[in-house]
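Subject: Structure handover

Hello,

Here is the structure I promised to pass on. Please open it next to this email and follow along.

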Amino acid sequence: MEVERVFIGVGCNRVVYNVSWGASGLVSFGAQNAVAIFCPKTAQILTTLPGHKVSVNCTLWLPNSKFAFKAKQLEQHFLLSGDAEGVIILWEYSLVDAKFGDR
């Protein structure tokens, strides 16, 4: 049997600073205890990043969209996510193979 992902749907946590637009062109936001990664070009959630035990209150891409003109050639981007207990996770995003890993 083969399983194919057809759709991912998530809701954004209603907290200020929860959404971040990265220089990679992707948008991140807290979705319950995970971080959702949204691609505006395809209007799809690419993935969710589990790892937090409580609600995610903020996300921040490094570099963010403000520095997109300088970051076009970068192969790696980083994402910070923080939760209600004060835990911060640093995620690494590789444009080469388009995958995430936590640090």
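How many of the five residues of S2 are buried? Five of five are, and the strand is mostly covered. Keep in mind that this is a predicted model.

**The strand S2**

S2 covers residues 27-31. Its side chains point two ways. Val27, Phe29 and Ala31 go one way. Ser28 and Gly30 go the other way. All of them are buried, whichever way they point.

**The sheet**

S2 belongs to an open sheet of four strands. The order is S1-S2-S3-S4, and the pairing is antiparallel. S1 (19-21) and S4 are the edge strands. Each has a single partner strand, so one side of each has no neighbour in the sheet. On average, neighbouring strands are turned by 25 degrees against each other, direction ignored.

What holds such strands together? Strands of a sheet pair through backbone hydrogen bonds, either parallel or antiparallel.

Now go through the sheet pair by pair.

- S1 and S2: three bridges join these antiparallel strands. Tryptophan 21 stands opposite valine 27 in S2.
- S2 and S3: these strands pair in the antiparallel sense over five bridges. Serine 28 has isoleucine 37 in S3 as its bridge partner. Glycine 30 is partnered by valine 35 in S3.
- S3 and S4: here six bridges make the antiparallel pairing. Alanine 34 stands opposite proline 50 in S4.

**The turns**

S1 and S2 form a hairpin with five residues between them. Glycine 25 in that turn has a positive phi of about 95 degrees.

The hairpin of S2 and S3 has two residues between the strands. Glutamine 32 sits in this turn. Its phi is positive, about 60 degrees, although glutamine 32 is not a glycine. Is glutamine 32 buried or exposed? Glutamine 32 has a relative accessible area of 56%, so it counts as exposed, the cut-off being over 50%.

The hairpin of S3 and S4 has four residues between its strands. Look at alanine 43, in the loop between S3 and S4 (44-50). Alanine 43 is not a glycine either, yet its phi is positive, about 55 degrees. Alanine 43 is exposed too, with a relative accessible area of 55%.

**A cis peptide bond**

Next, move along to proline 63. The peptide bond from leucine 62 to proline 63 is cis. Its omega is near -5 degrees. Where is proline 63? Proline 63 lies in the loop between strand S5 (56-62) and helix H1 (68-71).

**The cysteines**

Last, the sulfur atoms. A disulfide is a covalent bond between the sulfur atoms of two cysteines. How many disulfides does the count give here? The count comes to zero, with a pair of cysteine sulfur atoms within 2.5 Å as the rule.

Cysteine 39 has a relative accessibility of 12%. Buried means under 20%, so cysteine 39 counts as buried. Cysteine 58 has a relative accessible area of 33%. That value falls between the cut-offs of 20% and 50%, so cysteine 58 is partly exposed.

**Where to start**

Start with S2, mostly covered. Then trace the turns at glycine 25 and glutamine 32. Finish at the cis bond from leucine 62 to proline 63.

Best wishes

Key
Residues are numbered from 1 along each chain as its sequence is written. This is a predicted model: local features need pLDDT of at least 70, side-chain atom pairs count only at pLDDT 80 or more; totals for chains, interfaces and linings use all residues. Side-chain values use heavy atoms; hydrogens and water are left out. Buried means under 20% relative accessible area, exposed over 50%, partly exposed in between (1.4 Å probe, protein chains only). Two strands pair if DSSP finds at least two bridges between them. Axes are lines fitted to C-alpha atoms, for helices over the stretch in contact, and angles run from 0 to 180 degrees between N-to-C directions.
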